[in-house]
Structures are given as structure tokens and as C-alpha cells.
Amino acid sequence: MVVKEGSSGTPLELFLNIGLDERTARNTIANNKVTTNLTAVIHEAGISEGCNRTIGNLLYTVATKYPANALIHRPTLLEYIVSLKIKTPAQLEAAFSFLSKTASESFKLNEFEEACGVGVEVSVEDIERTVNEVFEQNKELILELRYRTNVGDLFAHVRKRLPWADPKIVKQLIDAKLFQLLGERTAADNEKPSKQKKEKPAKVEEKKVADENPVQPSEEDLNPFLIFPNPDENFKVHTEIFFSDNSVLRCCNTKEMLDKHLKATGGKVFTRFPPEPNGYLHIGHAKALFVSFGLAKERDGCCYLRYDDTNPEAEKKEYIDHIEEIVEWMGWKPFKITYTSDYFQDLYDLAVELIRRGHAYIDHQTPDEIKEYREKKMNSPWRDRPIAESLKLFDEMRRGMIEEGKATLRMKQDMQSDNYNMYDLIAYRIKFTPHPHSGDKWCIYPSYDYAHCIVDSLENVTHSLCTLEFETRRASYYWLLHALGIYQPYVWEYSRLNVTNTVMSKRKLNFLVTKKYVDGWDDPRLMTLAGLRRRGVTSTAINAFIRGIGITRSDGSLIRLDRLEYHIREELNKTASRAMVVLDPLKVVITNLESGSIVDLEAKKWPDAHTDDTDAFYKVPFSNVVYIEQSDFRMKDSKDYYGLAPGKSVLLRYAFPIKCTEVVLADDNESVIEIRAEYDPSKKTKPKGVLHWVAEPSPGVDPLKVEVRLFDKLFKSENPAELDDWLSDLNPQSKVVMSSAYAVPSLKNAATGERFQFERLGYFVVDKDSTPDKLVFNRTVTLRDSYGKAGK
């Protein structure tokens, strides 16, 4: 549906003419979306020359709050407003409610008028009588609270009885009645009520009883996909395209078109995850996977994995294989794997049809000329060339008869639009490059802006879901499908996932990898999904993190890395068995334990291990030579220090208390090279400090030596992407290698990918660099949890 109306004056003049004050008018102009909507509403209402303030305020409310699914009925509502049949905010709210339920279906005017109180006149006498009744019913409370009475509650009581009463008259009569009942304000009325300290309840020794009626989370918290409509509802207008000639395109499917679509899909939800195969997926893609695959799974529908392979120069088989592997690892199963290149013939045929319909033309401008003309909002000199000429040239492009860069096919959209994504976008360009998937059949390739919406339609996608940076492309998306007369999916944009202390642009990630700032696409410091997997993060923890964030449209916020780490710890705490590893060993010789004496002790794999469950324990040898962390010893003790010091005792986890009796220093008389200690076999000593440790498994034999890589944030700043010199923000301590760590013998046969909690140190995973001679562990996350302590 296209509506045309003449225009006069700038937006500011239009807004002032309808009674908006200058400040509101200027604030409105600062918001492009509201400006576009309000301008369209004014022209639709036919009052561009001006109106009174009451009508103007109602029109402003229409521009900002009108239900998007009922845009087809907006002209009807505007007629009622301009004729003052609807003249109060209450009537307008009732109209919104009625039209929202009606959507694009037809309705009876008498039912609409009854729902909105059209023609209902409420006299001053009726309002006064109702106000008196409300005051009489609440008199005791009003006399007690005096001018602290909640006037809003009184107003609500009146409105409930007289919904169409003039709110200004209601307010005046309530104020007058208050004054009549209470008289002038006193000094006490103006005093702020004093805050009384709440008495602390006496402590009760009984155990707390669980709340019989705990607060239940909302359905949205439990199911974030409730916001999406069903496929059979995709006949509603929810997008308007405003053209520079003041015409408006209201995009929706016809009944016949939707019926044909529903027959093809069986009424099921169809979504798609459409990555470009030109790089590795990162955590932002995890959100896209969750939204598209998650919606399909929740509605018992289907999700395509579709490779957007329109650029033959960028695609690589390596990336295609990686994407399929990662999608599966993330727990998602595609209904079907497709490629945009599967549809190259269909796309070409539809491009020919677009030219025939007068909606596309062959252009010969250079990229610089196109940029200049767009900046000046000027039409291309070739925009109005004959249709037959464009058809002939497009065929020559296809047959390789025109040089690369000498011609493009452009869509004839709106070069004077306020939306730069309507500036005659390129649909096809010439590239004499073989395609990895389709070979050398084509030398012209479709653009993303041309191909993705058409393939969505061809694949009968019900919900086309993408991030908010594509919102301005929605106009182009629907324009093209409307111009071709084909099925239109429901488009919805959600906020991007931005995480602190990292970069997520493909260009920056590629630079870090190719310039060797990191060790490949799966470097555990990167927020690529391959990197997170290698770091030991599970797909379920990532999906829980995404679900917790939600899929709202609020944009521009950075999600703290702590929040992801919280979900990682939550899972690994339940699934990673415990073990002991000493990263920076300091030798401790126990002088009162016979050399060569080995005691096998039992250590817990899980904190709540039951003594009768043998699988919940592992053997750890205890001998007269043990190793503790260098950081767990000091020459000078202090009250807040729980480690070992001269003359001080600590408890060795799962073993015995030991007391430092002697310290052996190096030649520099400062560096500690060995500690002598005595152990308490009776365990009567009760020290506060508890240390992890590793012992020699047999006399003179070193414990199991392993390499441990301690990974930290890749960048020092929370948002390095906004820095001009972002590379200077790289954290030099983002990777620290402990090449001579000692581990308990039970870790000897640990397999690649196996996860552990190293007691007092954090969570770790066996890296793929491990060899039979030496295990390598990557730190996934520390034990510290600042996010959980701060509150989720």
C-alpha cells in the first residue's frame, strides 16, 4: 500500500504548526525515527498547515505509540482525531488497544467507537458527583494523610467510573475538593515525614523455612522466544518505508501469498543462521546461533545453516569446515545446509525481472563517483536509461563481455531518502574469479543487500533475525521483496553481543592472527568460539550466558567478562574433578619423616564425596619431600597471612600439619631454595592455613612435571576497539607459561579436553599441544568470582 500526500515546510515548522513547544520540537528532530513517523502522521492527517495543540499532542502520541501491527488503520484513527471525535489521551489509549487486537483485519466502526468512547459526553456535574463519592469513601484516610494523600489514586478511582471524563476537569475538581476538606496547607503538611529506624528482629535459632510461595520468574525469563509472532500472523504491517516524495510503503504479505507460504512450510517456524565463510566464529555468533536455532527448536521448527558465499575472493574451505564443526559443538543441528550460491540462477532470473519491472538499471559510475553522488543525493546519469538497454547490458555482463569494474546492476530505490541504505544499492558486480562452490559458471555475483532477502524468501524463512546494525537495511530488504512481489519474512533485529577486554571485528581478529600477536584463530585468549573451546569453556556455559543476557533490542552496552566467567564457574564447579598442582614449586623437606617412607593418602575428586564412593577419591603419595607454591611462603609472618613462615604451622590439604623449622637460602642470602619442616602425625595441631602440595612419588624421583599456561584478558582496557592505537592496549601478561609445574600422579593419563579444578588455583583443561612426555594445561578461569559476589 502506498500513500501520497503533498508537503510544505521543514520538519521543525511542521511540528511547531501542530502546537508542539519549540523544545519538544527540536528534541523530536534529534530522533530520526520519531521525526519520520510524526512527519508521515501530519501528512496523513492532512494538517500540514497546522492545528490546535490538543490535536497536535494526540498526533505526537500516535507517532510514538501507535501499534505497528495495525498501520493499515492509522488513517482512520487520524480522521477521528482531526474531527475531535477522539480528543482525550484515554480515548486514544483505548483506540490503540482496540487496533492492536484488530491488527490488519477489518472492523466495524460502531464497535471501534464504542470501545473508544466516541460521542460519550461526560458533564461537569457527573464528574463533580463522582469526585464527591470517591472522597466520601476515602475520607478517613484523606483526613489522616492530609496533603500527603496520593492524588493519583483518587484520580484512578474517578477514571475507573468515568473513563471518558476530561482529565483536566477531573484534576481541577480533585484539587478543589482537597482544599475544601483540608483548608490551607500547614507547616506540618510541608514537613517531610521522618524516617523511622526499623527494629532488627530478634535472632531465631530455628532453621529458616523455605518460602511456600517463592517469586516465580516471568515467562519471558523462562522463555525468551515468546516475543516472536507465529508464522500465520505474518500478514500484519510492521514496517513502513518513507520515500522522499512523501509516499509511504507499508510492507505486508497478501493473504494468498501467506497461504502459499504456510502450505509450503506446514505452518512451522523456519529460521536461518547465515555466516560468511571468511573467518572463524566468535562469541557474538554464539548469540546469533542461540536466537535463530533456539527459536526454531523452541517452536519445533527448522533452522538452515546457510553460507552467505556471495564474495568468491574471501571464502575458504577451512572456514566452511570450521563453521559446521562449531555449530555442532555449540549443540545445534541444522535442518539443512545451504549456500547462497545454490540460488545463483534464481537470483539472476529475479534480477532480470527487476529490470523488466523498471526497478533496476545498469550503471557505469566508478566507486568514487557512486560515493560522491550518494553524498550529494544525486541520481546516476544512467538511472533512467531504457529498460531494454539495461536488459541487454546485464546479459553482456553475464556473458563476460564487459570488463570488471565497468558496470554494475543497481536497484532503483530512492537517492533522496533519509536512509542511505536506499541509495540505489548495488545488486550485481562483475568479478572474473572462480567461485569455491559454483566453479567458473558465473562472472557476475550478487551483493549481500540483493541476495540475502531473496534467499530468505525462497527458503520460506518465517523469522529473519539479525543484529541491530542491519536495522537501517530493513527498508531495502522489504522494498526489494515488494518490488518483486514475493513472500516477505518477518524481520526482527536484536542487540549485538559486546564483551569487555576484547575485540570482535573480523578485521581486527584477522590482523591479530596474521601478524602473530596471538597463536592462531583458536588462541585461548581470543573470544572466538574455537579459542573459548580450547580454553576449556563449554558450549553449555556459553549458551547459559547468552540466555541470561536475553535477546532484547537495547544496544550499545558492554557485557562484562566477569558475567561469562560466572557461568563458566557455575558449570565447571559441578563437572570438573579436583586435583592438586603446584605451579611454582618450593621444596620442603620433612625432617621427622623417614626418607623413603611413602604414605598413600586419599584426596577428594569432589567436595561432597562420600566415603563409601571409591570413585570419588584419588590416591596421592605423601613422602618426606613435598613441594608447595613459592607464594605460600614468607620470611616475615603477619596476622592476615595464612601461608607458611619460620616457626609457623600450616595444614597440607588431605595430609598433616607441618611446621617450618629451618630455611635454606641461596648464595645471595635472599632467595629461598629449601624449607625444613616437621609434620604432626597425630594432627593435634590446628593451623588456620591450608595449602595444596605435591610430593615425590618415590625417593629421589621428581613429581609429574607439566606445563601450565595462565591466560588472562587479552586487552587491558574494557573497550579497546574504541582506541585509536588499540594494539598498544594488548596485555603483556595475557599469557604466562609455567613450564616446570608439578602435578599429582593421578593426572598422568589425562586426555586432551579433560577439565579439572586445581585446588586453590582455578579451572584448567588439557591442551591439544600435550604429548606423551609432557602434559600441557590451559587455565580456563580462576576461582575468584567478582560477578557472582556482586549479584547476577
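The model is predicted, so local features need pLDDT of at least 70 and side-chain atom pairs count only at pLDDT 80 or more, while totals for chains, interfaces and linings use all residues. Residues are numbered from 1 along each chain as its sequence is written, and side-chain values use heavy atoms, with hydrogens and water left out. Helices (H or I, at least four residues) and strands (E, at least two) are DSSP runs, numbered from the N terminus.

**Largest cavity**

- The structure holds two cavities of 30 Å³ or more; a cavity is a set of points on a 1 Å grid over the protein atoms alone where a 1.4 Å probe fits but cannot get out.
- The largest cavity has a volume of about 130 Å³, a volume being the space filled by probe spheres set on the points, which are joined across faces, edges and corners.
- Its lining has 16 residues, and Met527, Leu532, Arg535, Leu561 and Glu565 are the closest to the centre; lining residues have an atom within 4 Å of a point.
- Helices α23 (529–535) and α25 (561–575) each supply at least two residues of this lining, and the largest share, four residues, comes from α25.
- By type, the lining of the largest cavity divides into seven nonpolar, four polar and five charged residues. Ala, Val, Leu, Ile, Met, Phe, Trp, Tyr, Cys and Pro count as nonpolar, Asp, Glu, Lys and Arg as charged, and the others, Gly among them, as polar.

**Second largest cavity**

- The second largest cavity holds about 70 Å³ of space.
- Residues that line the second largest cavity include Arg272, Tyr448, His452, Cys466, Arg473 and Glu493.
- At least two lining residues come from each of α20 (448–458), β11 (463–467), α21 (474–484) and β12 (490–494).
- Five nonpolar, two polar and four charged residues make up the lining of the second largest cavity.

**Sheet and its helix**

- An open antiparallel sheet is formed by four strands in the order β7-β8-β9-β10; two strands pair if DSSP finds at least two bridges between them.
- At the edges are β7 (360–363) and β10 (444–446), each pairing on one side only.
- From one strand to the next, the twist averages 20°.
- Strand β9 (residues 426–430) pairs with β10 in the antiparallel sense over three bridges, and Arg429 stands opposite Tyr445 in β10.
- Helix α20 packs on the sheet and touches β8 (408–411), β9 and β10, its direction making about 60° with that of β10.
- Contact means heavy atoms within 4.5 Å, and angles run from 0 to 180 degrees between N-to-C directions of axes, which are lines fitted to C-alpha atoms, for helices over the stretch in contact.

Methods
1 Å grid on protein atoms, 1.4 Å probe; cavity = no way out; pocket = protein on both sides within 12 Å on 5 of 7 lines; lining within 4 Å.
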